Amino acid sequence: MDIDDLADKLPRRLAGLAGLAANLWWSWHLPAREMFDKIDRRLWRVSGHNPVQLLYEVNTDRLSALAGDIEFLRIYDTVMADFQSEMDSTGKWADRRFPGRSGGLVAYFSMEFAVHNALPIYAGGLGVLAGDICKEASDLGIPLVGVGFMYPEGYFHQRVTEEGWQTEDYLTLDFDRAPVSRIIGSAGEPLTVELPLGDRTVFLAVWEVRVGRSRLFLLDTNVPENSIEDRSLSARLYSPGREIRFQQEYLLGVGGVRVLRRLGIEPAVWHCNEGHTVFLALEQLREQIEAGLLWPEALDRVRRSTVFTTHTPVPAGHDVFETELMDRYFGRAWPDYPSYRDRIVELGFYRDADRFNMSALGLKTAGRVNGVSRLHGAVSRSMWQDLYSDNQQSLVPIDHITNGVHIPTWISPEMGRLFQEFVAEDWTERLDETELWRDGVAAIPDGKLWLAHQTRKLRLLHYIRERVRRDWANREASGARLAAVGALLDPEVLTIGFVRRFVEYKRPTLLFRNIDKLKSIIRDAHRPVQFVFAGKSHPADYMAKELIHRVYRQACDPEFEGRVCFVEDYDLHLAHYMVQGVDVWLNNPRRLLEASGTSGMKAAVNGVPNLSVRDGWWYEGFTGVNGWAIGDVDKPASVDEEDAFDADALYYVIKELVAPLYYDRNLDDVPVRWLGVVRQAIGTVLPGFSATRMMKEYAEKMYRPAD
């Protein structure tokens, strides 16, 4: 977007809207979002809550009228004052915790960032975590810049055919209608940074996204100086080709460091979000060697400033490339230093001399390493133990910091108002105070808590039905399809959501293992249950597409009475409706394969209890009274045994524990005992699994030692 062009359209009295729209701070501040809604409700919704698009498309007469509307100006002035105060404020948590030392800048590298749906450069949980980290760093005053890619085609839009097969549509982002700005160089021209890539030179454009006080720099190869092939390198997230994937990771790690140098940004900490990003360590090693340092000192200096977060609990899930690719793409830039190439290859060695392991590189070049939950930390220490031959497993230097979610982003307006009334007026500043939340949530009256949930549930079902309406209008949809995509959902029925990336280990079809038992639960005359599924599979993962197909075909079965549905094109926008609107959040991965997960946290803080296998974050989050667990902690001997055991446990818990509690109502039709579980979910998960707690841990355990 061009702020100056946008500002020219606005009345002088509302000129601040251009700068506000350009900073995604508004995305987690309800008064700002409500203000944009008041400008033009229809355009606000059609735009997907994108204020840049809204302001470009709204009628100028409407803007002129608002510039003279006393009530709107009161709201506008309040929002703009809050925004300016936030941008200018000092005395944040980081300033208080590290007085005089909070200026150590963190550079956070990630292949994807999910900040808002207006900027669709994310695929799933890794990007959502990265977006929440940028927001929380801003809130806490932790100085942070993010580095990633500006994917003009982003991730795909999912369409499911009448037969139930996923198809992918790629739409090019309109940069003029998105909250992103091109970085301009000192000569007034768009900034480009060049770097060697094999036998050629590639040029990178740089875009900036403002995320509150945090800044996000996005690399883009779609510039005239590049060949047609190179211009497409950054077109899409997670291209399937191995060599293209290698080149993308090279551009992010090496190019990202060079971009920050070019911008005059000198981080104190370099944080690698998963192995995709760790080539940044090799670029810094090259800098240190060319500056005259010997190898041991250069490597030690890189380690002292580097943090590596691993997210993958199985060896097969880590990026591994042929060593030949290292020679082809790095060889031109090897410094003139004895055995330099062999030393680099050794850093990526893990069991196979002909393969370069990106996570091994991260482990060997980072001074501080962490998994993303307590259980995942233990799994990672076991998995990588042979890299540390002198250590017992318990002494392997891999810590854990359990993931958290950015509460202001994910909390519903209804819950936010209840928190302000019954927990504390400044609740957003006290997100990790355990006693405050335990006592405050207990004080919310049953009727108000239940009304808030019912409001959110009706909103979700209305949103799904509007999608069904559009589906029916745009296609010759059969009755079976309309039922399969949610036309018959009932707001009075217990609604369980299964919403996540479709992949085999997450077992999205476990629910259908015993069809007769499932039908008896769904069609129970007194305690019926309905299930809402949503999620994408990777375009190249045909086994995962088969899982979507199976769920969709089951949803078409008339014997399920329209109480199983699949909602297509899951994205951040739909995610908000889902985590706030279903009654129960279902998660049933195979044990020890869910590193953490965060969607269940988002649901729980909104009063949606979890029904989950005790894996990932739920291993430490489940208290026995804040949701339900599927099966035992121990992993069964075989896959089939695990599936059979967990399916039976799932049917039992839903039929005998969850449904009776949900339908047990008092004379006012309020499920008082159910709300006891809801309160426990909010009171334990919100303070324990917020991004506030998470980022304070990163600052104290991972960032502070390098400051």
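How many Å² does the accessible surface of the chain come to, and what share belongs to carbon and sulfur atoms? The surface is about 27300 Å², with 49% on carbon and sulfur atoms (Shrake-Rupley method, 1.4 Å probe; for residues, only the protein chains shown count as cover). This is a predicted model: local features need pLDDT of at least 70, side-chain atom pairs count only at pLDDT 80 or more, and totals for chains, interfaces and linings use all residues. Residues are numbered from 1 along each chain as its sequence is written, and side-chain values use heavy atoms, without hydrogens and water.

**View 1. The whole chain.** The chain holds 30 helices and 20 strands (DSSP runs numbered from the N terminus: H or I, at least four residues; E, at least two). Its C-alpha atoms fill a box of roughly 80 × 70 × 55 Å along the principal axes. Buried residues make up 60% of the 707 (buried: under 20% relative accessible area, 1.4 Å probe, protein chains only).

**View 2. Lys-457 in helix H21.** Lys-457 lies in H21, residues 446-474. Lys-457 is buried, at 2% relative accessible area. A polar atom of its side chain lies 2.7 Å from the backbone oxygen of Val-493. Beyond neighbours within four places in sequence, Lys-457 is in contact with residues including Pro-491, Leu-494, Asp-583 and Tyr-662 (contact: heavy atoms within 4.5 Å).

Notes: Buried < 20%, exposed > 50% of the residue type's maximum accessible area, 1.4 Å probe, protein only. Polar contact = N/O pair within 3.5 Å; in protein donor to acceptor, adjacent residues only side chain to side chain.
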